[in-house]
Amino acid sequence: MNILDSVIWAIQPEYAARMIRMLENGPVAQATQSRPQSGKEQPTVGVVPIRGLISRRESLWTKLFGGATIESLSAQLQELADNPSVKTIVLDIDSPGGSVAGIPELGGEILRLRSRKPVIAVANDLMASAAYWLGAQASEIVATPSSLVGSIGIFALHIDQSRALDMAGIKPTFIQFGENKTLGNPLEPLSERAREEAQKIVDEHGRMFVRAVADGRRTTLANVQDDFGRGLAFMPKEALRLGMIDRIGTMDEVLQGLGIESRRSALRKDITRAALTNR
């Protein structure tokens, strides 16, 4: 692999650290990715969950730890877009972000989709980094009262393992074709040249992120760059003041506003029916 393994992240750094610990310790739970609601009982609204780490496609990581994939989300959105009975699409987002790979393309799909049907993104606990990139392309962003929103930024990670190898008595030697092939590899200290090349890639992805948010939120590049936190995530009241979201509300309130029975009310009815059945 070349510079920093070519993985560029739009994710909260603390979650990246947690990922490393999870890889060291193994999975603590197995999660599955939800499919959109069937539409048989609620034909006018399609709900697409975006939960956990966002990655390009299914992998060993998603099988072990769950999360959302660009391929699956794109397929779900296309299915709802082509369904004439679905009038509004709701993105139910609880994600710290993920890899940048595929995010610009999926964000573009959402931006185009909202010209056909209203798309409401709900920050349902966490809409950070790549998840905010996607949410910002919706027609409207709603944040639940206790959610966090934002974290507009990009980073790449280099872990220098050379000292640990030295202490273990291991000395790696690369035999390569192409003078830059192993630039930024983790078995050697990060050189200034490698840092400069990695910074160019990070900066370009960062500019893409800012442009996408500016387009989606119908604001200026300068406004996003200067006033949307420079990598910080905000509680809803501050995010609303800054123009990063449109309103504060719960998922139930969003669904009720679309004429859909709230999940809580439906659950109460199910419990009542079950109690009557068991008498």
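Student: Why is Asp92 called buried?
Tutor: Buried means a relative accessible area under 20%, exposed means over 50%, and partly exposed is in between, with a 1.4 Å probe and protein chains only as cover. Asp92 has a relative accessible area of 0%, so Asp92 is buried. Do keep in mind that this is a predicted model, where local features need pLDDT of at least 70, side-chain atom pairs count only at pLDDT 80 or more, and totals for chains, interfaces and linings use all residues. Residues are numbered from 1 along each chain as its sequence is written, and side-chain values use heavy atoms, leaving out hydrogens and water.

Student: What makes Arg51 and Asp92 a salt bridge?
Tutor: The label asks for a side-chain nitrogen of Lys or Arg within 4 Å of a carboxyl oxygen of Asp or Glu. For Arg51 and Asp92 the closest N and O atoms are 2.5 Å apart, and the pair forms a salt bridge. Arg51 lies in strand E2 and Asp92 in strand E5, so the pair ties together parts that are 41 residues apart in sequence. Helices (H or I, at least four residues) and strands (E, at least two) are DSSP runs, numbered from the N terminus.

Student: Is Arg51 buried, exposed or partly exposed?
Tutor: Arg51 has a relative accessible area of 35%, so Arg51 is partly exposed.

Student: How many salt bridges does a search of the whole structure find?
Tutor: The search finds eleven. Among them is the one between Lys200 and Glu197, at 3.3 Å from N to O. Lys200 and Glu197 are three residues apart in helix H7 (residues 192–217), so about one helical turn separates them. Arg193, Glu197 and Lys200 are linked in a network of salt bridges.

Student: Why does Lys200 count as exposed?
Tutor: Lys200 has 52% relative accessibility, so Lys200 counts as exposed.

Student: What about Asp226 and Arg230: how do you know that their side chains meet in a salt bridge?
Tutor: The N to O distance for Asp226 and Arg230 is 3.0 Å. Asp226 is partly exposed at a relative accessible area of 45%, whereas Arg230 counts as exposed at 59%.

Student: How do you know that the length of helix H3 agrees with what it should span?
Tutor: The expected span of a helix is 1.5 Å times one less than its number of residues. For the 13 residues of H3 (residues 70–82) this should give 18 Å, and the end C-alpha atoms are 18 Å apart, so the two agree.

Student: Which residues of H3 are buried?
Tutor: They are Ile70, Leu73, Ser74, Gln76, Leu77, Leu80 and Ala81. They cover an arc of only 165 degrees around the axis, which puts them on the same side of H3. That arc is taken from the directions from the helix axis to the C-beta atoms.

Student: What do the buried residues of H3 pack against?
Tutor: They pack against strands E2 (45–51), E3 (54–55), E4 (68–69) and E5 (88–95), and against helix H4 (103–113).

Student: Why is Ser74 called buried?
Tutor: Ser74 has a relative accessible area of 17%, so Ser74 is buried. Contact means heavy atoms within 4.5 Å. Leaving aside neighbours within four places in sequence, Ser74 is in contact with Leu106 and Glu109.

Student: What is the phi of Ser129?
Tutor: Phi of Ser129 is positive, about 55 degrees, although Ser129 is not a glycine. Ser129 is found in the loop between strand E7 (119–128) and helix H5 (130–135), and at a relative accessible area of 1% Ser129 is buried. Arg218, also not a glycine, has a positive phi near 55 degrees. Arg218 sits in the loop between H7 and helix H8 (221–227) and counts as exposed at 65% relative accessibility.

Student: Where does pLDDT stay under 50?
Tutor: pLDDT is the predictor's confidence in each residue, from 0 to 100. It stays under 50 over residues 23–40, for which the model has 33 contacts beyond four places in sequence. It also stays under 50 over residues 267–279, for which the model has one such contact. The mean pLDDT of the protein is 85, and 77% of its residues reach 70 or more.
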